[in-house]
Amino acid sequence: MNATAPKASAQNAGQNRRIARAAVVVLGATGGVGRGVVKAALASGRPVIAVARDKSGLQCLRGSFPDADLTIVPGSVSNDGDGERLARTLSKLGRPIDGVVAAVCGSAARGRLLDHPAAFLRQTLDEDLLPHLAAARHLLPLLAQGGRTGTYVLIGGPGADRPWAGYGHRSIATAALRMLARVLHEEARTIGVRVQLLAIDSPVCTELNRANACEQWPSALSVGQRALALIEPDGLQPAEAVVPYSKVSFWPSSADDTADDAFGVTTDVDSPSPASTNQQEPGNGDAIASSPACGAAKSQAMHDAPAVGLLPSRCLQDARTLLRNLIAPNHNATHNNNNQEDSP
């Protein structure tokens with residue numbers, strides 16, 4: 001009896017701390033990255049309000065965390081009307097909110113920009129960029145209610161600094177999203193809200209793409225942890241508008257252990273889903289979850305690695321050696337044939 005009393009008191013204290021904490025809204029919660037954000041937030045003791053258009057996906061998400069402080073809200077931010085309706089719904093919940101993580105994007109169709117009409121790029125901007133503006137316009141005021149100083153985090157994918165071969169339209173949208181984050185960062189200061197973009201310069205390994213994912217890609221859970229670290233009011237994280245993934249500090253190991261124990265996941269790679277797929281449906285709230293072929297994405301990751309620290313120098317040297325070996329056999333074969341022809 002005496003041994004169990006302290007444990008029960010500690011559990012009650014932990015529950016009280018979770019109840020006292022303000023909620024985090026996760027947009028695109030049923031997508032690959034969105035699920036990682038939800039897991040990271042719940043593991044840290046944060047109440048979560050999960051928002052997505054996929055009602056059945058939200059129910060499955062709720063069933064995955066039956067004992068967690070998780071509220072599901074069917075909704076969309078595709079346009080201003082949807083954003084306004086979502087803001088009203090969140091307000092009616094009567095729960096304080098001090099953080100929003102926007103893990104939304106559109107489809108990941110492949111193709112050269114020159115091979116498609118202008119409507120192809122317009123559709124990409126409609127799916128990848130404008131929903132972020134619609135969401136921010138109507139949700140930023142919620143973070144400022146009651147004098148709270150909340151944080152709004154956008155999750156941005158690769159290709160913003162250098163064109164991504166075969167995904168030029170996504171590169172344009174990603175670059176535009178980073179500028180949007182900078183603009184919102186400045187304008188939101190007037191209402192006491194901080195807006196930041198977590199810039200990830202490689203695809204993300206999720207439940208939806210694990211079969212084709214490269215080992216250098218960060219997991220959705222680790223992306224969620226770093227997004228939540230930007231919301232925590234500890235003052236230890238970078239304050240600029242666009243924050244590289246590599247510059248955000250991980251939580252202490254205890255938080256990682258909590259995530260593993262509570263949800264059966266690791267901080268390296270998410271567990272595969274029985275209904276896993278390699279393609280992302282447009283607008284399902286899965287930021288960077290739909291991955292192109294591993295080879296093309298790995299080339300992009302390796303190209304960007306020196307700047308973001310995704311690959312150590314040893315791996316880069318190994319890659320160069322591999323390329324030389326791939327070229328060398330042809331050269332050696334030609335050389336040997338010449339020697340055979342010259343031999344008596």
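The side chain of Arg-46 reaches the backbone oxygen of Ala-22 at 3.2 Å. This is a polar contact, that is, a pair of N or O atoms within 3.5 Å; within protein, one must be able to donate a hydrogen and the other to accept it, and residues adjacent in sequence count only if both atoms are side-chain atoms. The model is predicted: local features need pLDDT of at least 70, side-chain atom pairs count only at pLDDT 80 or more, and totals for chains, interfaces and linings use all residues. Residues are numbered from 1 along each chain as its sequence is written, and side-chain values use heavy atoms, with hydrogens and water left out.

**Arg-46 and its surroundings**

Arg-46 lies in the loop between α2 and β2. Helices (H or I, at least four residues) and strands (E, at least two) are DSSP runs, numbered from the N terminus. A second polar contact, of 2.6 Å, joins the side chain of Arg-46 to that of Asp-98, a residue of strand β4 (residues 97–102). Residues under 20% relative accessible area are called buried, those over 50% exposed, and those in between partly exposed (1.4 Å probe, protein chains only).

| Residue | Relative accessible area |
|---|---|
| Arg-46 | 3%, buried |
| Asp-98 | 15%, buried |
| Leu-177 | 6%, buried |

Contact means heavy atoms within 4.5 Å. Not counting residues up to four places away in sequence, Arg-46 touches Arg-21, Ala-22, Val-24, Ala-41, Asp-69, Asp-98, Leu-228, Ile-231 and Glu-232.

Strands pair if DSSP finds at least two bridges between them. Strand β1 (residues 23–27) runs parallel to β2 and is joined to it by 4 bridges; here Val-24 has Val-48 as its bridge partner. Strand β3 (residues 70–74) is also parallel to β2, with 5 bridges between them, and Val-48 stands opposite Leu-70. From β2 the chain crosses through helix α3 (residues 55–64) to β3 in a right-handed β-α-β crossover. A crossover is right-handed if, with the strands pointing away from the viewer, the path from the first strand over the helix to the second runs clockwise. Another right-handed β-α-β unit is made by β1, helix α2 (residues 32–43) and β2.

Helix α8 (residues 220–231) has 12 residues and reaches 17 Å from its first C-alpha to its last, close to the 16 Å expected at 1.5 Å a residue. The expected span is 1.5 Å times one less than the number of residues. In α8, 12 of 12 residues are buried, among them Leu-228 and Ile-231, which both touch Arg-46.

Leu-177 is in helix α7 (residues 168–187). Its C-alpha atom is separated by 8.8 Å from that of Ala-160, 17 residues apart along the chain. Leaving aside neighbours within four places in sequence, Leu-177 is in contact with Leu-129, His-132, Leu-154, Ile-155, Gly-156 and Leu-197.

**The whole protein**

The secondary structure comes to 11 helices and 7 strands. Of the 344 residues, 48% count as buried. Among contacts between residues at least 6 apart in sequence, 69% join residues at least 24 apart.
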